[in-house]
Amino acid sequence: MTEFKINLANMVIRIQGVYDTLREYCKNYITIDEETEDFSITVTPEDIQRERRTGEYEQNSDNYIEIIMALLKLADELPDRNRFLMHGAVVSWKQEGYIFTAPSGTGKTTHVRLWKEHLGPDVEIINGDKPVLEVGEDEIIAYGTPWAGKERLQKNSCVPVKGICFLRQSKTNTIHKLNKREAMVLLLPQIYIMSDSQKAGRILELFSELLEHVPVYEFSCNISEQAVQCSFDALTTGVL
């Protein structure tokens, strides 16, 4: 068994698990804070085998399944703390955050890497796949997590979210701003919503607040420097 604490999304979380690979996976977030604890999660051998029986992870190791189970248990605790899990890549430019989201395989990680390549040291990649978003009274904060996709692009940091971009692959680059209804249709599948109706309801409330605070764009793009300039200009200036 393994046990440790992480500082993630401005919370101290105790994690109890089975394999040391889980600790290694979370190593950039481990804290030695012995007294503070916001909540705890536990992954047991029974949890792992139960998840394996679903058939979704038939080809994966128990170590991998445990990492996924820890994420799901973490996500279940977030709505009560005004937070939720989103599928997306978060990039920071001069301490302002922008989220690129799309179905897996569309190219969100490629696009944030292009931001880093073409826009230089003012750009940091906060998370490449599964950030935690906190909904405050006046702003939305995106936090890095260890769960950052196969590239593991992540940083134990946070940034205020100033824009969200839904990506589509295209030979040309075009971007336009969405109204709230259009944004909800595209973004809702990228939000982790659990089966518990009360928590699911709370996530939908938080998601609605996000759409009130943050502009959302739909961006059809290729993988050129011009694509970076197109998204950068729209997200940082709001001018299309």
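Predicted model: local features only at pLDDT ≥ 70, side-chain atom pairs only at ≥ 80, totals over all residues.
Student: How far does helix H6 reach from its first C-alpha to its last?
Tutor: Helices (H or I, at least four residues) and strands (E, at least two) are DSSP runs, numbered from the N terminus. The expected span of a helix is 1.5 Å times one less than its number of residues. H6 covers residues 197-213, 17 residues, for which 24 Å is expected. The span in the model is close to that, at 25 Å.

Student: Within what arc do the buried residues of H6 fall?
Tutor: Buried means under 20% relative accessible area, exposed over 50%, and partly exposed in between (1.4 Å probe, protein chains only). In H6 the buried residues are Ala200, Ile203, Leu206, Phe207, Leu210 and Leu211. They line one face of the helix, because their directions, seen down the axis of H6 and taken from the axis to the C-beta atoms, fall within an arc of 145 degrees.

Student: Which residues are exposed on the other side of H6?
Tutor: The buried face packs against other elements, including strand S5 (83-85), helix H5 (180-187) and strand S13 (216-221); contact means heavy atoms within 4.5 Å. On the other side, the exposed residues are Ser197, Gln198 and Glu212.

Student: Which residue caps the N-terminal end of H6?
Tutor: The cap is made by a side-chain oxygen that lies 3.1 Å from the backbone nitrogen of Gln198. That oxygen belongs to Asp196.

Student: With which side chain does the side chain of His87 make a polar contact?
Tutor: His87 is found in the loop between S5 and strand S6 (89-93), and at 13% relative accessibility it counts as buried. A polar contact is a pair of N or O atoms within 3.5 Å; within protein, one must be able to donate a hydrogen and the other to accept it, and residues adjacent in sequence count only if both atoms are side-chain atoms. Beyond its neighbours within four places in sequence, His87 is in contact with residues including Thr101, Lys108 and Gln190. Its polar contact, at 3.3 Å, is with the side chain of Asp129.

Student: Which are the edge strands of the open sheet of 4 strands?
Tutor: The strand order is S3-S1-S2-S4, with mixed pairing; two strands pair if DSSP finds at least two bridges between them. S2 and S4 are parallel over 4 bridges, and Ile15 stands opposite Ile41 in S4. The strands that pair on one side only are strand S3 (30-31) and S4.

Student: What is the bridge partner of Ile141 in S11?
Tutor: S9 and S10 form a hairpin with 4 residues between them, and 4 bridges join these antiparallel strands. In S10, Ile141 is the bridge partner of Glu134. S10 also pairs with S11 in the antiparallel sense, over 3 bridges. There the partner of Ile141 is Pro160.

Student: Is Lys155 buried, partly exposed or exposed?
Tutor: Lys155 has its place in the loop between S10 and S11. Residues it touches, not counting those up to four places away in sequence, include Tyr29, Glu124 and Gly144. Its relative accessibility is 33%, so Lys155 counts as partly exposed.

Methods
Residues numbered from 1 in each chain as written. Heavy atoms only, no water.
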